Amino acid sequence: DTHLFSDPSRTLLGVNTLTSMRQVLDMATTQSGPFDLVLATGDLVHDATAKGYRLFTREMARLKLPVYCLPGNHDERIAMSRYLGQQGVTWDRLIETAAWRLLMLDSTIPGEEGGHLDDKELAFLRESLAESKKPTLVCMHHHPKPVASEWLDTMVLDNAEEFFACIEPHS
């Protein structure tokens with residue numbers, strides 16, 4: 001959740017989100033790398049502006065890695081699809097690596113904080129899991145179970161039972 005703004009000086013809860021993102025990326029690359037790819041699982045841009053998505057793309061391009069994104073409740077799908085897809089930053093639903101299959105689910109509900117997997121996303125999940133021979137990582141913005149956070153637990157997936165029913169048959 002990078003929550004970038006079109007204005008790089010803006011803050012969220014008193015934190016400059018651009019500075020924070022840069023610090024996290026610098027720390028990750030110097031202390032934990034090398035990496036094969038980056039998964040950005042939503043709330044890329046807080047104000048859903050073209051300038052914000054361009055800033056996100058430019059900052060991620062510094063890593064010189066493929067970056068796969070999905071939307072969060074602060075993202076705007078049309079703007080994301082219009083401004084991502086450059087400099088190795090994409091919004092792909094299915095990513096195949098040599099050893100893994102990554103599924104990027106869209107759990108957003110336009111105008112809402114919480115999440116939901118619609119029939120199309122659940123069908124994609126079922127089909128992708130059924131045909132996969134590799135270990136599969138399922139990614140989405142909204143968590144399916146409460147995590148004991150008074151704030152975050154107000155934004156859980158509202159149909160977690162359906163999600164778990166899809167993944168249960170697969171080892």
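# Exercises on a predicted protein chain

Of the 171 residues in the protein chain, 40% are buried, where buried means under 20% relative accessible area, exposed over 50%, and partly exposed in between (1.4 Å probe, protein chains only). The model is predicted: local features need pLDDT of at least 70, side-chain atom pairs count only at pLDDT 80 or more, and totals for chains, interfaces and linings use all residues. Residues are numbered from 1 along each chain as its sequence is written, and side-chain values use heavy atoms, with hydrogens and water left out.

## Exercise 1

State how many helices and strands the protein chain has, and in which pattern they follow.

Solution. Step one is the count: five helices and eight strands. Helices (H or I, at least four residues) and strands (E, at least two) are DSSP runs, numbered from the N terminus. Step two is the order, which reads β-β-α-β-α-β-α-β-β-β-α-β-α along the sequence. Step three is the overall form: the radius of gyration is 16 Å, close to the 16 Å that the globule rule gives for 171 residues, so the protein chain is as compact as a globular protein of that length. That radius is taken over C-alpha atoms, and the globule rule is 2.2 Å times the number of residues to the power 0.38. Along the principal axes, the C-alpha atoms fill a box of roughly 45 × 35 × 30 Å.

## Exercise 2

Find the aromatic pair in the structure and classify its geometry.

Solution. A search of the whole structure gives one aromatic pair. Its members are Phe 163 and Phe 164, with 5.2 Å centre to centre and 65° between the planes, which is edge-to-face. The rule is that rings of Phe, Tyr and Trp (its six-membered ring) pair if their centres lie within 6.5 Å; planes under 30 degrees apart count as stacked, over 60 as edge-to-face and the rest as tilted. Next, take accessibility: Phe 163 is buried because its relative accessibility is 6%, while Phe 164 has 27% and is therefore partly exposed.

Phe 164 also has a charge over its ring: the charged end of Lys 145 sits there, 5.8 Å from the centre. The charged end of Arg 93 sits over the ring of Phe 124, at 3.9 Å from its centre. A charge counts in this way if NZ of Lys or CZ of Arg is within 6 Å of the ring centre and within 35 degrees of the ring normal.

## Exercise 3

Solution. Begin with Asn 73, in the loop between β4 (67-69) and α3 (77-83). Its relative accessibility is 15%, so Asn 73 is buried. The side chain of Asn 73 makes a polar contact with the side chain of His 141 at 2.9 Å; such a contact is a pair of N or O atoms within 3.5 Å, and within protein one must be able to donate a hydrogen and the other to accept it, while residues adjacent in sequence count only if both atoms are side-chain atoms.

Then take Asn 159, in the loop between β8 (136-139) and α5 (160-167). At 3% relative accessibility, this residue is buried too.
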